Amino acid sequence: KKMSYPTVTTSAWQSVANHTVEWIHTNGVCFDNLEAGRSSITQAGRGAFARRKIKESSLVVPAPLIHVSAKRTLDLYDKYTDDDGNLVRGDNVIGKQLMINYCFGRSDSSLLLCPSTSAAWINHYEEFVHQEGEIKIANASQKRQANAKYHWSHWNELNKMWLNSTFRELANERNQVLSLDIIATKDIEPGEEIFLNYGKEWVDKYKAHIRKKSGSQSSRSNYVSPYHANSHIQAPIRTEEEQVNTPYAPNLMTVCLYRDYEEDASDYLTEDDLSLISDGDMKDVTLPLTTFEYDEDDVNANYWPCEIHDRQNNNTSGDV
């Protein structure tokens, strides 16, 4: 059968332009309660933090969902070069696209539901570590708890209809039609990190992942996070010669920050230096140069791979 439903517009302004402020206060939902920040869970990367106080049972953030009917579409395959020099996809699955980590799903279904808002930043509340052959909860004394849960959105008129549809009907639908709400299970203070309980199945699979990583040759014992390495620098960055005997972790690389120099840079840079910067001819760069284009709005984007060939003391600020 053919499903019919209200027209979905692509403009947020169009959705409220014909309504009064009072109507918006009564019927609207708030999307900006969260902001991204470094998660308190060591290896989680970013997390979701409250921008303002959120009362218990209140909406933390809505989560309109992108539905992916076949999770195999997120498979990553090996590649090889054919006789004509073309890069061709192979037949062997070697991993999953990163997007799958941010989606809701079940092991007995091919369907994925992927949040399209900041709800995707919310982490599972527990942190696990591999110690003495066992998977244990890290920092157990902190007793971190989930402070949010999710349920189907009440404000989305499409939910009820599409939750009664068949899998095939949903798979054939190209518009975004389902949505969840993230709800506070306790009062949440400004700056507090938001956590969900991902469920036992996720926890069991994540523990299995840790065991596999710990038992492989690419064990995390050889891994050092860039954040940790930069936070614990107690000596100058090592030269090429020094790294022969004391190399950095294999996942790390040394980079140099460069800026968009003005003409007066000639006062302290040699002609060779200026030529190197203006020509973009950086030695031994194997990554695409566009990766390191100058961006005045994002200083972290302005790094080039580099190595220190020699170090001298300038008698003022230490080693250079």
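Tutor: Buried means under 20% relative accessible area, exposed over 50%, and partly exposed in between, computed with a 1.4 Å probe on protein chains only. At 32% relative accessibility, Trp202 therefore counts as partly exposed.

Student: What kind of model is this, and how are residues numbered?

Tutor: This is a predicted model, in which local features need pLDDT of at least 70 and side-chain atom pairs count only at pLDDT 80 or more, while totals for chains, interfaces and linings use all residues. Residues are numbered from 1 along each chain as its sequence is written, and side-chain values use heavy atoms, with hydrogens and water left out.

Student: Which residues form one aromatic cluster with Trp202?

Tutor: The cluster consists of Tyr198, Trp202 and Tyr206. Rings of Phe, Tyr and Trp (its six-membered ring) pair if their centres lie within 6.5 Å; planes under 30 degrees apart count as stacked, over 60 as edge-to-face and the rest as tilted.

Student: Why is the pair of Tyr198 and Trp202 edge-to-face?

Tutor: The pair is edge-to-face because the ring planes stand at 80 degrees, with the centres 4.8 Å apart.

Student: And Trp202 with Tyr206: what are the distance and angle there?

Tutor: Their centres are 5.1 Å apart and their planes at 5 degrees, so this pair is stacked. Trp202 and Tyr206 are four residues apart in helix H5 (residues 200-215), and are therefore separated by about one helical turn. Helices (H or I, at least four residues) and strands (E, at least two) are DSSP runs, numbered from the N terminus.

Student: Turning to the sheet, what is the strand order?

Tutor: The order is S6-S7-S3-S12-S11, an open sheet of five strands with antiparallel pairing. Two strands pair if DSSP finds at least two bridges between them. Strand S6 (104-105) and strand S11 (148-152) stand at the edges with a single partner strand each, so one side of each is left without a neighbour in the sheet.

Student: How many bridges join S11 and S12?

Tutor: Five bridges join S11 and strand S12 (residues 178-184) in the antiparallel sense. His151 stands opposite Asp181 in S12.

Student: Where is Asp187, and what does its side chain reach?

Tutor: Asp187 lies in the loop between S12 and strand S13 (195-196). Its side chain reaches the backbone nitrogen of Glu56 at 2.8 Å. Asp187 and Ser57 are 130 residues apart in sequence, yet 8.2 Å apart in space, C-alpha to C-alpha.

Technical notes:
A polar contact is a pair of N or O atoms within 3.5 Å; within protein, one must be able to donate a hydrogen and the other to accept it, and residues adjacent in sequence count only if both atoms are side-chain atoms.
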